[in-house]
Amino acid sequence: MKSQALILALCLTLVSLEYTSAVQVVNSNGFTLSYELNEDWTGATWKMTATTVTGWLGVGFGSRSMANTDIIYGMVDGGVAEAFDSKATGRSRPTQDAVSNISAVTGSISGGVMSISFDRLFDTGDSEDFVIPLNSSMDIIYAYGDTAY
């Protein structure tokens, strides 16, 4: 990722995810991440927000670094949201997975804040995706930048 981009690879260990309704799991340095469970608790709608209007947002599941990490990143350009199911091999742009296991991507920019939402199962059955654990902790990394991706 570009060196001039604001990169926050803050690693958080989540304490026993409480799978009830909507939960905010990150609120740090202008970035938020929250989720809302689907009806059968097999997945969630995830929402990322950050104070940027021209850049990108990203979240990684199950790791304290970018190496071999399941990452979802996205942007909103011209009112159109895009998000990508990907895997990072190090501190560089992640490579898109052969099969995307995210859906229902939406996004907007309002008041200097970009928001991107997507649906993802906790266990996608894809070897390139991290299995998000139920009732246990996991590491999350996130980043966002003001430059075009």
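## Overall composition

The protein chain contains zero helices and 11 strands. This is a predicted model. From the N terminus on, the order of elements is β-β-β-β-β-β-β-β-β-β-β.

Of the 149 residues of the protein chain, 45% count as buried. Among contacts with a separation of 6 or more, 55% are made by residues 24 or more positions apart.

Strand β3 covers residues 31-37, and five of its seven residues are buried, so the strand is largely enclosed by the rest of the structure. Its antiparallel pairing with β4 (residues 43-50) runs over seven bridges.

## Nonpolar cores

The largest nonpolar core has 26 residues. Those with the most contacts inside this core are Phe-31, Leu-33, Trp-46, Met-48, Leu-57 and Val-59. Two or more residues each come from β2 (22-28), β3, β4, β5, β6, β10 and β11 (139-145). Another core, of nine residues, lies apart from it and includes Trp-56, Tyr-73, Met-75 and Ala-88. In soluble globular proteins, nonpolar side chains tend to be buried together.

Leaving aside residues up to four places away in sequence, Leu-33 touches Val-23, Gln-24, Val-25 and Val-26, along with Trp-46, Lys-47, Met-48, Val-59 and Ile-140.

## Aromatic pairs

A search of the whole structure finds five aromatic pairs. In one of them, Phe-31 and Tyr-144 have ring centres 6.2 Å apart and planes at 20 degrees; the pair is therefore stacked. Phe-31 belongs to strand β3 and Tyr-144 to strand β11, so that the pair links distant parts of the chain, 113 residues apart.

Both partners are buried: Phe-31 has 0% relative accessibility, and Tyr-144 has a relative accessible area of 4%. Phe-31 and Tyr-144 also form one aromatic cluster with Tyr-142.

## Salt bridges

The structure holds two salt bridges. One is formed by Asp-139 and Arg-64, with the closest N and O atoms 3.1 Å apart. Asp-139 lies in strand β11 and Arg-64 in the loop between β5 and β6, so this pair ties together parts 75 residues apart in sequence. Asp-139 counts as buried at 17% relative accessibility, whereas Arg-64 counts as exposed at 53%.

Asp-70 and Arg-120 also meet through their side chains in a salt bridge, at 2.8 Å from N to O. Here the partners lie in strands β6 and β10, respectively, so the pair ties together parts that are 50 residues apart in sequence. Asp-70 is buried at 2% relative accessibility, and Arg-120 is buried as well, with a relative accessible area of 3%.

Asn-68 is not a glycine, yet has a positive phi of about 55 degrees. Asn-68 sits in the loop between β5 (56-61) and β6 (69-77) and is exposed, with a relative accessible area of 58%. Ala-104, also not a glycine, has a positive phi of about 50 degrees. The location of Ala-104 is strand β9 (residues 102-110), and its relative accessible area of 48% makes it partly exposed.

Ala-104 is one of the residues that Ser-117 touches. Ser-117 lies in strand β10 (residues 113-121) and is buried, with a relative accessible area of 13%. Beyond residues up to four places away in sequence, the contacts of Ser-117 are Thr-45, Trp-46, Lys-47, Ala-104, Val-105 and Thr-106.

Methods. Residues are numbered from 1 along each chain as its sequence is written. This is a predicted model: local features need pLDDT of at least 70, side-chain atom pairs count only at pLDDT 80 or more; totals for chains, interfaces and linings use all residues. Side-chain values use heavy atoms; hydrogens and water are left out. Buried means under 20% relative accessible area, exposed over 50%, partly exposed in between (1.4 Å probe, protein chains only). Helices (H or I, at least four residues) and strands (E, at least two) are DSSP runs, numbered from the N terminus. Two strands pair if DSSP finds at least two bridges between them. Contact means heavy atoms within 4.5 Å. A nonpolar core is a set of buried Ala, Val, Leu, Ile, Met, Phe, Trp, Tyr and Cys residues joined through side-chain atoms within 4.5 Å. A salt bridge is a side-chain nitrogen of Lys or Arg within 4 Å of a carboxyl oxygen of Asp or Glu. Rings of Phe, Tyr and Trp (its six-membered ring) pair if their centres lie within 6.5 Å; planes under 30 degrees apart count as stacked, over 60 as edge-to-face and the rest as tilted.
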